[in-house]
Amino acid sequence: MAAGLLEDDDDQWDFIEKHPWAKHMVITIAILFFVASVSYLLWVDQPDFAPREYWVKVPGVEGLERSDDAVAAPTFNITLRVNTEGISRAVCGRGDRVDVAYEGVPLAHGDLPDFCVPPATVGSIPAVASSEGLGLPDELYERMERQRRRNERVKLAVHVRMHEITGSRGSPLLLSCTAILHGRPKGPFLCEVFGLPRHLETARGG
Ligand SMILES: *[C@@H]1O[C@H](CO)[C@@H](O)[C@H](O)[C@H]1NC(C)=O
């Protein structure tokens with residue numbers, strides 16, 4: 001048995017010595033395989049996952065009057081906050097748009113600008129959402145006023161879209177957020193995050 005194995009080995013070496021290209025080919029394939037494996041691992045385990053924590057504030061509003069009395073269109077100054085704690089490089093987003101709704105009725109929309117947030121901070125990105133018509137439709141105005149009078153919370157649904165953000169690998173991001181216009185607690189309430197590739201979801205909390 002041992003003799004047979006040695007003979008086989010000798011045969012192999014003979015083959016390689018007689019055909020130097022065979023050795024080069026084996027080495028080339030090994031190098032290609034190694035490079036491909038390392039690239040794949042670097043791509044999969046890329047440490048710069050997208051931020052998980054976003055919230056919005058509405059520092060200024062106007063035009064939320066009854067439409068007959070209004071002199072301005074509903075306008076919302078919005079601040080998107082992005083928490084980059086635990087992320088070791090700047091996070092940049094390619095902005096798309098913001099949409100503001102109250103009780104399921106779209107009220108205003110606007111552009112979200114492109115932005116960059118330094119690592120390990122909470123960045124603020126300002127945006128303005130507005131609409132065309134003056135004031136609020138009567139029914140919506142009444143509902144908002146009723147909530148205010150009863151000291152109930154007046155909640156806005158703010159949807160924020162980006163074309164992509166650092167760590168999303170080209171995927172668009174949708175944030176579904178709640179902002180409190182009136183009442184307590186004022187939050188902040190973290191946005192629900194949609195659109196990150198599935199394997200990045202597992203980085204949540206990591
Ligand atoms: C919104 O912000 C701008 C400045 O960025 C300010 O001039 C404007 O008065 C604000 N509007 C409201 C309704 O707070």
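**Reading labels on a predicted model**

Q: Where is Arg-169 found?
A: Arg-169 is found in the loop between strand 7 and strand 8. Bear in mind that this is a predicted model.

Q: Why is Arg-169 called partly exposed?
A: Its relative accessible area is 26%.

Q: What makes the phi of Arg-169 worth a look?
A: The phi of Arg-169 is positive, about 50°, although the residue is not a glycine. Most residues other than glycine have a negative phi.

Q: Why is Asn-151 called exposed?
A: The relative accessibility of Asn-151 is 60%.

Q: Why is Ala-50 called buried?
A: Ala-50 has a relative accessible area of 2%. The cut-off for buried is under 20%, so Ala-50 counts as buried. Ala-50 sits in the loop between helix 2 and strand 1.

Q: What does Ala-50 touch, not counting residues up to four places away in sequence?
A: Ala-50 touches Ile-87, Ile-165, Thr-166, Gly-167, Ser-168 and Leu-196. Ala-50 and Arg-169 are 119 residues apart in sequence, yet their C-alpha atoms are 9.0 Å apart in space.

Q: Why is Ser-131 called buried?
A: Ser-131 has 19% relative accessibility.

Q: How do you know that the side chain of Ser-131 has a polar atom placed for a polar contact with Leu-107?
A: That polar atom lies 3.3 Å from the backbone oxygen of Leu-107. The distance limit for a polar contact is within 3.5 Å, so the pair meets it. Ser-131 also touches other residues, including Ala-73 and Pro-74.

Q: How do you know that strand 3 and strand 5 pair?
A: They share 3 bridges, in the antiparallel sense. Pairing needs at least two bridges, so these strands pair. Gly-93 stands opposite Phe-115 here.

Q: What joins strand 3 to strand 7?
A: 8 bridges do, and the strands run antiparallel. At least two bridges are needed, so this is a pair. Gly-95 stands opposite Met-162 in strand 7.

Q: What joins strand 3 to strand 4?
A: 6 bridges join these antiparallel strands. Val-100 stands opposite Ala-108 in strand 4. The hairpin has 2 residues between the strands, and Glu-103 takes a positive phi near 50° in that hairpin.

Q: What makes the bond between Arg-184 and Pro-185 cis?
A: Omega for this bond is about -10°, and the bond is cis. A cis bond also runs from Gly-187 to Pro-188, with omega near 10°. Most peptide bonds are trans. Pro-185 lies in the loop between strand 8 and strand 9, and Pro-188 is found in the loop between strand 8 and strand 9.

Q: Why is Ile-27 called partly exposed?
A: Ile-27 has 43% relative accessibility. Exposed needs over 50% and buried needs under 20%, so Ile-27 is partly exposed. Ile-27 lies in helix 2. Together with Ile-31, Phe-34, Val-35 and Val-38, Ile-27 forms a nonpolar surface patch.

Conventions:
Residues are numbered from 1 along each chain as its sequence is written. This is a predicted model: local features need pLDDT of at least 70, side-chain atom pairs count only at pLDDT 80 or more; totals for chains, interfaces and linings use all residues. Side-chain values use heavy atoms; hydrogens and water are left out. Buried means under 20% relative accessible area, exposed over 50%, partly exposed in between (1.4 Å probe, protein chains only). A polar contact is a pair of N or O atoms within 3.5 Å; within protein, one must be able to donate a hydrogen and the other to accept it, and residues adjacent in sequence count only if both atoms are side-chain atoms. Contact means heavy atoms within 4.5 Å. Patches are made of residues with over 30% relative accessible area and no salt bridge: like charges are joined within 9 Å, nonpolar side chains (Val, Leu, Ile, Met, Phe, Trp, Tyr) within 5 Å. Accessible areas come from the Shrake-Rupley method with a 1.4 Å probe; for residues, only the protein chains shown count as cover. A salt bridge is a side-chain nitrogen of Lys or Arg within 4 Å of a carboxyl oxygen of Asp or Glu. Helices (H or I, at least four residues) and strands (E, at least two) are DSSP runs, numbered from the N terminus.
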